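Subject: Handing over the structure

Hi,

Here is the structure I promised to pass on. Please open it and keep it in view while you read.

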Amino acid sequence: MESVVAQAGLVLLRDSVEWEGRSLLKALIKKSALCGERVHILGCEVSEDEFREGFDASVNSRLIYHDVFRDPLNWSQSGEALPGGPLGALQAMCRRTDPGPVTIALDSLSWLLLHLPCPALCQALCALSQQHSCPGGGSPAEPVRVLCLLHEELHGPGPLGALSSLAQAEVILSGTMGQASAHILSRRPQQHPTRQTQWFSILPDLSLDLQGGPPLESQPHPEPHTPPVDPTAHMTFNLHLSESERAAKDSLTLPFQFSSEKQQALLRPGPRQATGRIFYEPDAYDDLDQEDPDDDLDV
Amino acid sequence: MAAAADCGTGAGSTGSIGAAACKNNVTSFQRKGPRASGTDSGCSRLVSIAGTRPSVRNGQLLVSTGLPALDQLLGGGLAVGTVLLIEEDKYNTYSSLLFKFFLAEGIINGHTLLVASAKEDPADILQELPAPLLDDNCKKDFDEDVCNHKTPDSNIKMKIAWRYQLLPKMESGPVSSSRFGHYYDASKRMPQELIEESKWHGFFFPEKLSSTLTTEPRSLTGGYRKLLQFIQNVIYEEGFDGSNPQKKQKNILRIGIQNLGSPLWGDDICCTENCDNSHSLTKFLYVLRGLLRTSLSACIITMPTHLIQNKAVISRVTNLSDTVVGLESFTGSGRETNPLYKDYHGLIHIRQIPRLNNLIYDVSDVKDLAFKLKRKLFTIECITKLTSYGTQGQKYLLPGHLQRKFAINKNRYFRTLHNLNKTY
C-alpha cells in the first residue's frame, strides 16, 4: 500500500458514511511529515484545531495549514483570508518555488466540488499534480503528491468519473465487521491499471497498521463455488465428433479431389464415349415448330 | 469533398483534371511523360504524396492509421479530410496507443503533425511514440508467434482441392515491403533522430490558458476556439489548403487531439447531464470538419465517451464525425475471467464508416472483433470461437445470428450489439 500511495500524482481517497477517510488522510499526512516532506493542507470542512488534534508536536510544526473553513467568503475582511478564494489558494500552491518533495492534502475535495465548477477544479488539480518543473526552471522534477478526500455519496457519477480519470491512484474505503479495507486502483501512465485490497486499521496515534487479511471471525461463508463459464455447454448442435464419425469423415473423398483413380479414369479412354444424353418429353403446350417461335402468340 | 469527387474519380481527360486538381489538391492521378511540365507551369508537378494511396473502391485519397488491421477494417485506410473518432476505453490504455500509432505513422511517412492535448505536453507525447518494426525483425517475431500457437489437435490437415495446391499461401503477417501502413513495436521508443527531423506543431492547452484562473466558468468554447484558431493558422501558413502556392512538395497534415471533451478542456459534458453549454463540443466538431474538408489533412480524436453523461451528446458527436471506432478493454470488468475472451485484451467496435462519394457503406461482414496487444504487435481478430455468453441465468445469444437479422439496418445494429455486450 505504501508504494502505491507514495507515488507522485493525484491520489483520491473515496470514503462514505460508514467508512470515513479523514483518519486515513491524517495517517498518510503524518507519514509524509515524518519523512521530511513539506505538507500543505487546504482545510475546508473542519476547523484547524479539530484537524490538528491527534498529531503530535513534531508533526504539527511541519504542517502548513491554509484555512478556508473559518471564513470561506472573506466576510471578515481581515488580511488572513486567502486571496481569490479556495481556487486562488490552489493556484498559489501550484506556483511554489521551493525545492523538495511536497505533499498537498485537500480536505475535502467534495467541498471544493460543491463550490467550484467542476472543469475549473479539474484543471487546477491537473496543474497541481503534474508539476514537472519549477517555474523558475533548472531544477529537476520533484514529485508532488496530492491527497484528496472525496465523499463519494455526495456526488453523481459525472464528477466522480471525471475525477477518477484524472487520478493516478484511487483508494476506495470499505470494510466488513469493523475492519476497514482499502481497494486501491493504481494507474501508472504507461502500464495497465492494477488493483489490490489492503486491510488496515488506524491506531490512536494516527499511525497506519496494515493487516494481512480480514479478521477470521468476520470472514463470510465461502460462496458456493461457481464453476467457470463453459461456452460449449447448452448448445443446440454438436461440436465434437465421435470416433466412427471421424473415421467416416477421413475416408470421404471430396468431389474435386484429384485422386489417382480419377486420374486413371480420365487418362484411359473409356469403352464407350458416352457423353451426357438428354431425354426430352414434349409437353402438351410445347411448341415443336422450330421455324416460327412466335407462333403461339396470336398476334 | 464535392470538388474532389469531380476530379478524383471518373475518367475525364487527364489534362483538365490535372489543372483542376492543382486548385483542389486532392487527387492521385499521376501523369507520365514530358507533356505534364508544359501545361501547368504555375503549380507543382503532380506527384503522389508520400504515405497516401487511392482507395480501390472510390478513388478517395487514403492515409494509413498506423495499424494495418484497422486500415483493412476501414476499407483501406482513413480518407484525407475526414475525422477518425476513437471512443476511449475505461482506463485510456489502448486508445492512447492507437493515437500514438497514428502519429508515428505520420513521422515515418514524413507528414507534418499537429498534436493537441490538455493533459500531457505534446513534446512528451512525441517522445513516447513506438518504434517502427523493421522488415526482417518483424518477420522473425511473427514466425515465432505462429509457432507458439500450434495446438495439439492441429494434426487435422485441411484437404484442399487439387486445383489450388499450386497457388501460393495467403500471407497474414507483416508484409515486408509495404509502403502504406507500417507495424510498430509498442515496447520500444521511436529513435530520437526521426522525431527531430519531423515537423510538428504542439498545442498544450494549460499553457494557453490565461494566467489567472477565475472562478466563473469561462466561455466553454474558449478552449475549443483557441484550438480551432491554432489549427486554422497552421493550415493556412503551411499551405495545406492550397492558399500559398507550394513550391515544395505537397504534404499531409496529421492532426491528433487527445481527450477531447474531458473537463481539462473546460467542457463540462463529462460532469453533468444538463450542462449549460452542451453545444460547444458539437460546434467544435462541425467547424473542425469544415477545416479538414478544405485541406489536405486527416484528424484523429480520442474522446472519453464513457464519461459523457448525456447520451444524446454521444449520438450527436458520432453523427458529426466520419469514422467512429469504439474500444472496450476487459481490464477490471467481469469479462476478464470469461474463457471466451482469455486470449484477447478487449473488443473493438466499428461504430460508423463514412459514405464518401458513395451510396453504400463499406462495412466488413465481421462484427465480432477483438484486439490483443502482444509483446510487440497490436492485432485485431475476429472472435472465431462460438460466441455464446454463459452467465448465471444461462442466457446466450449469437451475434452472428443477429447479424443476419439486422443486416439491413446496420447503424442501429451496432448500437444494439454494443448495448447487449454491455449487458452481459
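**Confidence**

This is a predicted model, not an experimental one. It scores ipTM 0.70 and pTM 0.72. Chain A has a mean pLDDT of 79. In that chain, 76% of residues reach 70 or more. For chain B the average pLDDT is 73, and 64% of the residues score at least 70.

Some stretches need care. Where pLDDT is low, predicted coordinates should not be read in detail. In chain B, residues 145-155 have a pLDDT below 50. That stretch has three contacts in the model beyond near neighbours in sequence. Residues 211-220 of chain B also stay under 50, yet the model gives them 20 contacts beyond four places in sequence. In chain A, look at residues 132-139: pLDDT stays under 50 there, with five contacts beyond four places in sequence.

**Cavities**

How many cavities of 30 Å³ or more are there? The count comes to 11. The largest cavity holds about 200 Å³ of space. It is lined by 19 residues. Closest to its centre are B:Asn58, B:Leu62, B:Leu74, B:Pro354 and B:Leu356. What kinds of residue make up the lining of the largest cavity? Eight are nonpolar, eight are polar and three are charged.

**A helix pair in chain B**

Two packed helices are described by the angle between their axes and the distance between the axes. Now find helix 11 (residues 280-293) and helix 12 (residues 311-320) of chain B. They pack at an angle of about 5°, and their axes are 10 Å apart. Angles under 35 degrees count as roughly parallel, so helix 11 of chain B is roughly parallel to helix 12 of chain B.

Which residues meet? Helix 11 of chain B brings B:Leu281, B:Thr282, B:Leu285, B:Tyr286 and B:Arg289. Helix 12 of chain B brings B:Arg316, B:Val317, B:Asn319 and B:Leu320. The residues of this contact divide into five nonpolar, two polar and two charged.

Most residues other than glycine have a negative phi, and most peptide bonds are trans.

- A:Asp107 and A:Ser108 are joined by a cis peptide bond, with omega about -5°. A:Ser108 sits in the loop between strand 4 (102-107) and helix 6 (109-115) of chain A.
- B:Asn92 is not a glycine, but its phi is positive, about 55°. Find B:Asn92 in the loop between strand 4 (83-87) and helix 5 (94-109) of chain B.
- B:Asn259 is another residue other than glycine with a positive phi, near 55°. B:Asn259 lies in the loop between strand 9 (253-257) and helix 11 of chain B.

Best wishes

How values were computed:
Residues are numbered from 1 along each chain as its sequence is written. Chains are lettered from A and ligands numbered from 1 in the order in which they are written. This is a predicted model: local features need pLDDT of at least 70, side-chain atom pairs count only at pLDDT 80 or more; totals for chains, interfaces and linings use all residues. Side-chain values use heavy atoms; hydrogens and water are left out. On a 1 Å grid over the protein atoms alone, a cavity is a set of points where a 1.4 Å probe fits but cannot get out, and a pocket is an open set with protein on both sides within 12 Å along at least five of seven lines; lining residues have an atom within 4 Å of a point. Grid points are joined across faces, edges and corners, and a volume is the space filled by probe spheres set on the points. Ala, Val, Leu, Ile, Met, Phe, Trp, Tyr, Cys and Pro count as nonpolar, Asp, Glu, Lys and Arg as charged, and the others, Gly among them, as polar. Axes are lines fitted to C-alpha atoms, for helices over the stretch in contact, and angles run from 0 to 180 degrees between N-to-C directions. Helices (H or I, at least four residues) and strands (E, at least two) are DSSP runs, numbered from the N terminus. Angles under 35 degrees count as roughly parallel, over 145 as roughly antiparallel, 65 to 115 as roughly perpendicular and the rest as oblique. Contact means heavy atoms within 4.5 Å. pLDDT is the predictor's confidence in each residue, from 0 to 100.
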